[in-house]
Amino acid sequence: MSTFTNPSADAKNGTTNRTMNGTMNGPRHGARHATTTEAARRPRLSGMTWLVWRQHRAAFWTIIAATVLCTAWIVYQRGQMMDFLDAYGFPAKNLDDAEKEFQPYANAFTSVTTGLTAIPVMLGVLLGAPLLAGDLENGTAKLIAAQSVSRDRWLATKLGLAGLVVVVSTVALSAVFTWWWNPVKTHSMEFDWTSRDFFNTTGPVPVALTLLSVFGGAAIGVALRRTLMAMVVTLGFTVALQAVWHYFTLSLGTIVTATSKPASPGSPVIFPDVPRTAHEIDSSYFTGVGKLIDLNTCANALTEHAAQLCMKKADIVGVSVDYIPMS
């Protein structure tokens, strides 16, 4: 009997072992290998980068989502504008003659630029100020300093990841807005490129302003170590930064001088041609010896003959115009 039952038990155990090894161990190792390979292929954050992303993921994802939505809205608005321009006959027809018809598209520019110019202020207050102040206020900075990570690496990762998100979002918005504005920026008097609405939303300007606002807010947070107080002070800092920047913007431009062809004293003078989009700084008469005098020099003359005599007496031979080109 024992001879009969032992082989049966062994056979049963062998079948069980073979089944377990064949169906459980085999697929389990295969599944683990597949999972490991998939994880190795998929880029994942780790270390300090993962920690900083986890800390500020709500702000980062909000910025990314807002950038995507705003980009989609600008693409839609540009499509609407280009459909109108094609139907209108632009650029063969002057866009200034379609003032009423083009006004809705000009209003769309105004609404978008208002939001874009507020980005440095919002990110400075909502991202820059709490970036370091929050960790200093709640003690997270002390906990991180007690680990193997140095404070320099913690600071560099914080600022680097925040700066990367800011640069990506602002570069994308600046590029898509410039793409929207390019077809009409030199053809419509509705758009003054020197205004903060357009100058601060194109090219590298929005990127630089936003980075300065965010990093300035982070520095304020380090100094104050209180999140709410840092946000209030950063709000004042970013608003003042915008005002100061707008005041000095045009002083950074290269001034170009255009002069008319000299005429004989007392003869009518013709203003020189300047680009349509140029921002005029100053206009003056110039005399035969090259001296600049005010345009109102002979404005009080009652007759045209009296004005000619006045200009002849003042030795006025032409007009000089100082301007900043759009380029």
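View 1. T157 lies in helix α6 (151-181), where helices (H or I, at least four residues) and strands (E, at least two) are DSSP runs numbered from the N terminus. Because its relative accessibility is 15%, T157 counts as buried (under 20% relative accessible area, with exposed over 50% and partly exposed in between; 1.4 Å probe, protein chains only). Its side chain reaches the backbone oxygen of R153 at 2.7 Å. With neighbours within four places in sequence set aside, T157 is in contact (heavy atoms within 4.5 Å) with M48, T49 and V52.

**View 2. The largest nonpolar core.** A nonpolar core is a set of buried Ala, Val, Leu, Ile, Met, Phe, Trp, Tyr and Cys residues joined through side-chain atoms within 4.5 Å. The largest one has 45 residues, of which F102, F109, F177 and V184 touch the most other members. Helices α2 (47-88), α3 (99-117), α4 (119-138), α5 (140-145), α6 (151-181) and α8 each supply at least two residues of this core. V184 touches M81, L85, L95, F102, F109 and F191, residues up to four places away in sequence not being counted. A second, separate core consists of seven residues, including I293, C298, I316 and V319.

**View 3. The four-stranded open sheet.** The strands follow the order β1-β4-β2-β3 with antiparallel pairing; two strands pair if DSSP finds at least two bridges between them. Strands β1 (256-259) and β3 (292-293) form the edges, each pairing on one side only. Strand β2 (residues 279-287) is joined to β4 (residues 316-324) by eight bridges, and T287 stands opposite I316 in β4.

**View 4. The hairpin of β2 and β3.** Two bridges join these antiparallel strands, and F286 stands opposite L292 in β3. Four residues lie between the strands, and in this hairpin G290 takes a positive phi near 90 degrees.

**View 5. Confidence along the chain.** The mean pLDDT (the predictor's confidence in each residue, from 0 to 100) of the protein is 81, and 85% of its residues reach 70 or more. Confidence is lowest in helix α1 (residues 2-41), at a mean of 46, and highest in helix α8 (residues 205-224), at 94. Over residues 1-29 the pLDDT is below 50, and this stretch has five contacts in the model beyond near neighbours in sequence.

**Notes to all views.** Residues are numbered from 1 along each chain as its sequence is written, and side-chain values use heavy atoms, with hydrogens and water left out. In this predicted model, local features need pLDDT of at least 70 and side-chain atom pairs count only at pLDDT 80 or more, whereas totals for chains, interfaces and linings use all residues.

How values were computed. A polar contact is a pair of N or O atoms within 3.5 Å; within protein, one must be able to donate a hydrogen and the other to accept it, and residues adjacent in sequence count only if both atoms are side-chain atoms.
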